[in-house]
Amino acid sequence: MKTYDKGDALPDDYKKLLLNLMSFQADSEYGGGQRVAENMQYAPRPEEAYRLSKKVMEEFGHAYYVWNLMAELGVDVNVRLRELIAHPENPDPKVVNLINGFRRENWAPNFDSWQDVALFSTVVTPAAVAFLGQYQNCSYLPWARVNVRIHKEEHGHLAFGVWASKRCIEFGGEAMRADMQARVPKFMRIGLGFYGRPSAGAAKSQMFDKYYEYGLKVKKPEELQAEYLEIVEARLKEVGLEMPRDIEPDYDMRVGYEAGDEVSSPAIKPAAA
Amino acid sequence: MAARFPDPLVEQRHAVLARYGAEPATLPAGEADEARWTELWRLLKPDFATADRTQVPDFASLAPAAREAARAYIGCRIEADRLLARCKEAHSRLARDGIATDAVEHYATVRDAYEDGVMAFGAARERLDTLLPKTK
């Protein structure tokens, strides 16, 4: 796999695909942080509220790491931050690459209680951890290094989900456990759809082969899905919940950063005179 | 003036912290300020109302060791609020002055400190939890 480091000349096609993935990651980390902040309304106790607030701050930090790299590649990233601040509920898709799952209209219907918040981190976050984990070994080394840092922090989010879910049961008893078990499938559908469509067959993603060839994605959706299932089963067991079988992935939520086959080109700032 | 997020939505949602006494982030003036400790404890004690502890004592009814641990727990919450304010300021700087390496690293530093503060709040809660009686 050919790799590139800071300052290396990047082939045009490679740079376009790289920036597409980076912009989805950065914009969606920030937009995801805004969605997580919305969920603070469900925090039932002080520690839950503070721990969710901490998660918001971490998501914003991840966006800043990646935006900073994009700025080095000539992208005007400040316009992206401004757009997300000004229009948090429906940012302009011409300005930012926010994944569908983090648009408020798609996100909000999944939540009506704190147990949903806890389960999202227990059941869906492992998908993000597995997905983003692959970027640690991607061909653009500055982005790989930033993702090592992000990956370490995402593990804290996994811990949050298990902690919050256990606390729900500690406070709500067996009735709460049954309630949460019934909510697991809706989040598993999102988790399973995180990686995009399979890498082979009629439903395959049109873009996957190019990302894979360039070393921007280093794992196939099937590999990531297997990794995800292993993590989520262990997490659910830790909480005292069962992993449901035969759940169909929801690809339309596009919580993964591939988010379809269209490749956008983030605006490159004109070179300084 | 208290620090604010540049995002109105994020600021609005963080208002939930006010339920627990967030800001003004000041500790009561010594142990003698019983009324203030009592009020801060009232806001935080739902954190201990587990299924096997349906009644959480008022501040005045806490045993001496639990009272001391409760003061430490309240102190951690106030410290977390102070660290959150620094995060807000760093966040605002990025929104105002633009994304640049030094500002991003500063944000990471203050965010790490906030994270540590929140985890310390949790650890103080766990210590106090062992000192409170169960009611079932």
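The side chains of Arg80(A) and Asp27(A) meet in a salt bridge, with 2.8 Å from N to O; the term salt bridge is used here for a side-chain nitrogen of Lys or Arg within 4 Å of a carboxyl oxygen of Asp or Glu. Arg80(A) sits in helix α3 of chain A and Asp27(A) in helix α1 of chain A, so this pair ties together parts that are 53 residues apart in sequence. Helices here are DSSP runs (H or I, at least four residues), strands are runs of E with at least two, and both are numbered from the N terminus. Both partners, Arg80(A) and Asp27(A), are buried, where buried means under 20% relative accessible area, exposed means over 50%, and partly exposed is in between (1.4 Å probe, protein chains only).

A quick word on the ground rules: this is a predicted model, where local features need pLDDT of at least 70 and side-chain atom pairs count only at pLDDT 80 or more, while totals for chains, interfaces and linings use all residues. Residues are numbered from 1 along each chain as its sequence is written, chains are lettered from A and ligands numbered from 1 in the order in which they are written, and side-chain values use heavy atoms, with hydrogens and water left out.

Back to helix α3 of chain A. Its buried residues are Arg80(A), Leu81(A), Glu83(A), Leu84(A) and Ile85(A). These pack against α1 and α2 of chain A, and also against α1 (8-13) and α3 (64-97) of chain B; contact, by the rule used, means heavy atoms within 4.5 Å.

Over all chains, the structure holds 36 salt bridges. Lys54(A) counts as buried because its relative accessibility is 8%, and Glu58(A) does so at 1%.

Another salt bridge joins the side chains of Arg183(A) and Asp116(A), at 3.0 Å from N to O. Arg183(A) belongs to helix α6 of chain A and Asp116(A) to helix α5 (residues 114-133) of chain A, so the pair links parts that are 67 residues apart in sequence. Arg183(A) counts as buried because its relative accessibility is 16%, while Asp116(A) has 0% and counts as buried too.

Now for the place where the two chains meet. In all, 41 residues of chain A are in contact with 45 residues of chain B. The area buried between chain A and chain B is about 3600 Å², and carbon and sulfur atoms give 62% of it; buried area is the accessible area (1.4 Å probe) that two parts lose on being put together, summed over both. Tyr50(A), Met57(A) and Tyr64(A) supply 22% of the area that chain A buries against chain B, more than any other three residues.

The interface of chain A and chain B also has its polar side. The rule finds five salt bridges across it, and Arg125(B) and Glu47(A) meet in a salt bridge through their side chains, at 2.5 Å from N to O. Between the two chains, 17 residue pairs are in polar contact, both residues being at pLDDT 80 or more. A polar contact is a pair of N or O atoms within 3.5 Å; within protein, one must be able to donate a hydrogen and the other to accept it, and residues adjacent in sequence count only if both atoms are side-chain atoms.

On the side of chain A that touches chain B, α1 (12-38), α2 (46-72), α3 (78-86) and α6 (141-193) of chain A each supply at least two residues. The most comes from α2(A), with 18 residues. By class, this side has 20 nonpolar, six polar and 15 charged residues; Ala, Val, Leu, Ile, Met, Phe, Trp, Tyr, Cys and Pro count as nonpolar, Asp, Glu, Lys and Arg as charged, and the others, Gly among them, as polar.

Ser53(A) lies in helix α2 of chain A. Ser53(A) counts as buried because its relative accessibility is 0%. Its side chain makes a polar contact with the side chain of His14(B), at 2.9 Å. Leaving out residues up to four places away in sequence, Ser53(A) touches Met40(A), His14(B), Leu84(B) and Tyr114(B).
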